[in-house]
Amino acid sequence: AETELRIVLEAQPNNPFAQNTLAAVYLNSGRPGEAEELARSAAENEDYSGRHLAYYNLGWSHLERQQYTESLDAFRQALREAPRMCVAHYRIGEVRFRQRQFEDAIIHLEQAVAEPEDETDMQPMSATQAEPPRSCSEMPEAHNYLGLALMAVERQDDARVAFERCVELAGAQSELGRRCNMHLGGQE
């Protein structure tokens, strides 16, 4: 995909779809620094209908490099473009959790895992996904962060529900499922 997208960008250097898609390829390849300028350029293109995705990728790029202020700014821009973009809420919750802002993390994580009303609540597909996007309510990672944040504010019963959902979605034998199960065991 990278080679083909580079060819497109050589012919059309300001193609926001190609820029943002290449940014997603870089992010999914563990190359967030290379994704930043591409995502920023796509996000700044007011004619690009996928600006919310470009802002999300820009935020993800900053998050991967622990640039939390910049990541929050980009994720908030994604929400301005698409107010119910659950994955932007998830990432804001993740950043807020890392910053130990647990109450704010809970607000965003609860919005992320709320059942979607329609396709606008679905998470964006990565460049490497072979299956259709799923809602954030089906993301075990979101339930894990929610459980951790709830534990931090001593809402143990709510945390238990979040960790149970995490195990259900991730599978008890997966690494994440085992971690969520461990938190369940620690609450007994």
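Contact here means heavy atoms within 4.5 Å. Helices are DSSP runs of H or I with at least four residues, numbered from the N terminus. The model is predicted, so local features need pLDDT of at least 70 and side-chain atom pairs count only at pLDDT 80 or more, while totals for chains, interfaces and linings use all residues. Residues are numbered from 1 along each chain as its sequence is written, and side-chain values use heavy atoms, with hydrogens and water left out.

The largest nonpolar core has 57 residues. Such a core is a set of buried Ala, Val, Leu, Ile, Met, Phe, Trp, Tyr and Cys residues joined through side-chain atoms within 4.5 Å. Buried means under 20% relative accessible area (1.4 Å probe, protein chains only). L22, Y56, M85, Y90, F97 and L146 have the most contacts inside the core. Helix 6 (residues 86-98) gives the most to this core, with 7 residues. In soluble globular proteins, nonpolar side chains tend to be buried together.

Helix 6 is largely enclosed by the rest of the structure, because 12 of its 13 residues are buried. Among them are H89, R91, E94 and R96. Their cover includes helix 4 (51-64), helix 5 (68-81), helix 7 (102-113) and helix 8 (140-152). From first C-alpha to last, helix 6 reaches 18 Å, close to the 18 Å expected. The expected span is 1.5 Å times one less than the number of residues. Just after helix 6, R100 takes a positive phi of about 65°.

Helix 7 has 12 residues, which should span 16 Å, and its end C-alpha atoms are 16 Å apart, in agreement. Its buried residues are F102, A105, I106, H108, L109, A112 and V113. Helix 6 and helix 8 are among the elements that cover them.

Conventions
Buried means under 20% relative accessible area, exposed over 50%, partly exposed in between (1.4 Å probe, protein chains only). Helices (H or I, at least four residues) and strands (E, at least two) are DSSP runs, numbered from the N terminus.
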